Amino acid sequence: MPFDLFEVDKEIPERKKHIYIKDSKDPKEHIPACNTTTVPGCMTERGCAFAGAKGVITGAIKDALHVVHSPVGCTAYAYGTKRYPTTPDMPNGDKFPIDNFNLKYITGTDIRESDVVFGGMDKLKKCILEANKEFPEANAIYTYATCTTGLIGDDIDAVSREVAEEIGKDVIPINAPGFAGPTQSKGHQVANDTLFETLVGTKEPPYTTEYDVNLIGEYNIDGDLWVLREYFEEMGINILSTFSGDCCHDEIGWMHRAKLSLVRCQRSSNYIAKLLKERYDIPYIKVDFFGVRYPTENLRTLGEYFGKQEEAEKVIESRMKWIRPELDKLKEKLQGKKVWVFSGGPKNWHLPEPLEEELGMEVVAVSTMFEHEDGYEKIKERVGENTVIIDDPNSLEAEEIIEKYKPDIVLSGVKEKYLAHKMGVPCILIHSYENGPYIGFEGFLNLAKDMYAAIYNPVWKLIEFEPEMEEEISVKNESEEEAEVSAGK
């Protein structure tokens, strides 16, 4: 059967349509049900629409101040959740005065019960003005609606317009409260649409070249962007704008001057690429830089587009001559190891083939929290027979995956990491990384090294109780209790 119901889901049989076992004989349309509200009764691992907007899209912008209109919990959730490092360099040659400003500071309105009753718009305005006074170096302010303020109907657009006129800066309202969609994917779309309509076409770059590109869906997780930038610079290609890793606010305003858009995260940012094509006729290419084959193919495609094939080959050759021997050594250790890939979106189809082709690993399970139909079609194409593909897995299902499919390592987010560790399985963070960058040729080598170090770490031999031992102890304790009762104690 192509669809499977886990043992833990017997009370919620609706979950069966979300769990698919790869069978190449099945019709193409056989994929997990997805992009729907979580089945009631599941302890979902998903993020909300607000997390998708702030935590992914805008959180990497290095010179913007973020004001979250919410109770303190949502504000705290928006702080320091991703490793989006930045440089101080600005396009005009200046230096931004605060290092990693986007990672260090977040502000919020701390909505209370009285604000819910009487409205929080005055509080929002006061908070924005105070935050701007505290951080005058910020070049723009982004404000966010959340579930509470969205439900009571606070008009953050009106407040943002009013304050923008008063302080002479862009104040950008992002209306993506948590309930706006079934997953954080809705927040991606709202932020893409808002930034396009509000900013694109409003600024001009300091200079342009014949080889300007927008790098879209690249968030510089632990330095990914800087790896790709080095490749492009060696080829003579200029990254005019990034969306939004190590990005300044003004960069988004001049995205319309690029000659080509490269879309790396094809789940979170394909929206703005399509809008740039529709309004400014900027073509876009979907790219993938994980592993070895994908970077090679995409650099060659980029070189062919700009007539820089020779430069592309030099970049490829310069990396492969030193990473290939290292990968071959690691393959000897990782060959046959089972891996479960549990990522938010596109890494689920980016990683399976490189792991199997380059390292000889077996991908036994792939799962994602917010993928859409087109993503699952790609996943299905790229995983092997009998691989389990799961949409929006819950914590109990995660335990069953580990027990049933016995992965040697899990590539996931932080929420799943400690569950895996408690079950004696190493886990590498594939969202925010362990010791990245993981992109490109050298990034894939970093990932292989981290997987090797995690799998062969001697700590896994020091686990005090194996599951069988715990069961034996439980039975023994029950027998002792029965004996005590019989003795009248």
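The model is predicted, so local features need pLDDT of at least 70 and side-chain atom pairs count only at pLDDT 80 or more, while totals for chains, interfaces and linings use all residues. Residues are numbered from 1 along each chain as its sequence is written, and side-chain values use heavy atoms, with hydrogens and water left out.

Helices (H or I, at least four residues) and strands (E, at least two) are DSSP runs, numbered from the N terminus. Two strands pair if DSSP finds at least two bridges between them. The partners of E2 (residues 64–69) are as follows.

| Partner of E2 | Sense | Bridges |
|---|---|---|
| E4 (residues 140–145) | parallel | six |
| E3 (residues 107–108) | parallel | two |

In E3, Thr107 is the bridge partner of Val67.

Helix H18 (residues 414–422) has Glu416, Lys417 and Ala420 buried. Seen down the axis of H18, these buried residues fall within an arc of 115 degrees (taken from the directions from the helix axis to the C-beta atoms), so they line one face of the helix. They pack against E10 (338–343), H17 (395–405), E13 (409–412) and E14 (427–429), where contact means heavy atoms within 4.5 Å. Gly424, with a positive phi near 80 degrees, follows H18.

Technical notes: Buried means under 20% relative accessible area, exposed over 50%, partly exposed in between (1.4 Å probe, protein chains only).
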